[in-house]
Amino acid sequence: MREITFGQGTLEAMREEMEADPTVFVMGEDLARQGGIFGQFTGLADSFPGRVIDTPISETFLAGGGVGAALAGARPVVDLHYADFCSVCMDEIFNQMAKARYMSGGQAKIPLVLRAPDGLITQGAAQHSQSVEAWFVHVPGLKVVAPSNAEDAKAVLKAAIRDDNPVLYFEHKNLFRQTFEVPDPEDEIPYEIGKAKVRRTGTDLTIVSYSKTMLTVKQAAEKLAEEGISAEVIDLITLSPWDKETVLQSVKKTGRLIIAHEAVKQGGFGGEIAATVAEEGFSYLKAPISRIAAPFVPVPFAPELEDQVRVHVEDIVKKAKELIKKNG
């Protein structure tokens, strides 16, 4: 095993895929000159001349150009700087990227990865702190992923680049510099898009999450264990298509479900998970399904207010105790 940051994991994935496939290239703002806003493309321009392209500040061009390049036979990786800026190029994502393969009767492939750093950073405020994954899981034709650690960051990005369908790759801004233990390159396990991972086995309740909130969930599970409560922790990793079988099997065992994510609770992806379990696994439940997420407000700039929209370990621990108490 070795230790690398989340950002280094994505950089390794890019380098390995670009070495293996000359049709893979990267474009975005300040990638060649600066190495990306979080340093996640550092050094690639020197290693792969002409394949790391600095573009104008135009998300419409980035997404549209990526679609065109994919249709022409390349495998573009497009960096959007911030996931918040997906709104600028929504037509290119929603109507072009997601629809081209279906509307061509499968004759066209769209092997495109749209990298979208998301989530809360310190005082990023309302326009640079959002988690917008729920917008895109509603769109047929798109795959959506959100890894929570460096090992998955690398494996999932490699799988996304190799996929013949468009993949939105959400990478939490506060994960880039965090360090994780990962296997040595020769021991790496490939990732299959659509599969969740059980991070911790348990018997009393199931907690489902993804992206950076998964780290909060794991801490909460440790605290619960100290108090004699056994939580099973599931990291979805892929949000579309999501691994409902793994979640349902876990809820069948534990009888209780908490879903936690950083995105706003109203209309968040947690609602899809809750609805599915209610429809297909209602008889398993010993207590109501609970969702822990951000309140329905824009992300504040003031640190004291910003902290109130975050999901905290204590929130999860408190809710878990309530569910256990309802049917001990």
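Colleague: How long is the polar contact that joins the side chains of Glu262 and His172?
Modeller: This is a predicted model: local features need pLDDT of at least 70, side-chain atom pairs count only at pLDDT 80 or more, and totals for chains, interfaces and linings use all residues. Residues are numbered from 1 along each chain as its sequence is written, and side-chain values use heavy atoms, without hydrogens or water. A polar contact is a pair of N or O atoms within 3.5 Å; within protein, one must be able to donate a hydrogen and the other to accept it, and residues adjacent in sequence count only if both atoms are side-chain atoms. The side chains of Glu262 and His172 meet at 3.1 Å.

Colleague: Which backbone nitrogen lies 2.7 Å from a polar atom of the Glu262 side chain?
Modeller: Contact means heavy atoms within 4.5 Å. Leaving aside neighbours within four places in sequence, Glu262 touches Gly119, Ser131, His172, Thr213 and Ala294, among others. The backbone nitrogen at 2.7 Å from the side chain belongs to Leu120.

Colleague: Is Glu262 buried or exposed?
Modeller: Buried means under 20% relative accessible area, exposed over 50%, and partly exposed in between (1.4 Å probe, protein chains only). The relative accessible area of Glu262 is 15%. That value is under the cut-off, so Glu262 is buried.

Colleague: Which strand holds Glu262?
Modeller: Helices (H or I, at least four residues) and strands (E, at least two) are DSSP runs, numbered from the N terminus. The strand in question spans residues 257-264. Seven of its eight residues are buried. Glu262 is in β13.

Colleague: In what order do the five strands of the open sheet stand?
Modeller: Two strands pair if DSSP finds at least two bridges between them. Pairing in this sheet is mixed. Its edge strands, β9 (197-200) and β14 (290-294), each pair on one side only. The order is β9-β11-β10-β13-β14.

Colleague: How many bridges join β13 to β14?
Modeller: On one side, β13 runs parallel to β10 (residues 205-209), with three bridges. There, Ile207 stands opposite Ile258, and Val208 opposite Ile259. On the other side, Ile258 faces Ser290 in β14. The β13 and β14 strands also run parallel, and their bridges number four.

Colleague: At about what angle does helix α11 run to β13?
Modeller: Axes are lines fitted to C-alpha atoms, for helices over the stretch in contact, and angles run from 0 to 180 degrees between N-to-C directions. Helix α11 (residues 269-280) lies across β10, β13 and β14. Its angle to β13 is about 155°.

Colleague: What is the handedness of the β-α-β unit of β13, α11 and β14?
Modeller: A crossover is right-handed if, with the strands pointing away from the viewer, the path from the first strand over the helix to the second runs clockwise. Here the path goes from β13 through α11 to β14. The unit is right-handed.

Colleague: Why is one side of each of β3 and β12 left without a neighbour in the sheet?
Modeller: These strands belong to an open sheet of seven, in the order β3-β2-β4-β5-β7-β6-β12. Both β3 (52-54) and β12 (238-240) stand at the edges, so each has a single partner strand.

Colleague: Which residue in β4 is the bridge partner of Val26?
Modeller: Strand β2 (residues 24-28) and strand β4 (residues 75-79) pair in the parallel sense over four bridges. The bridge partner of Val26 in β4 is Val77.
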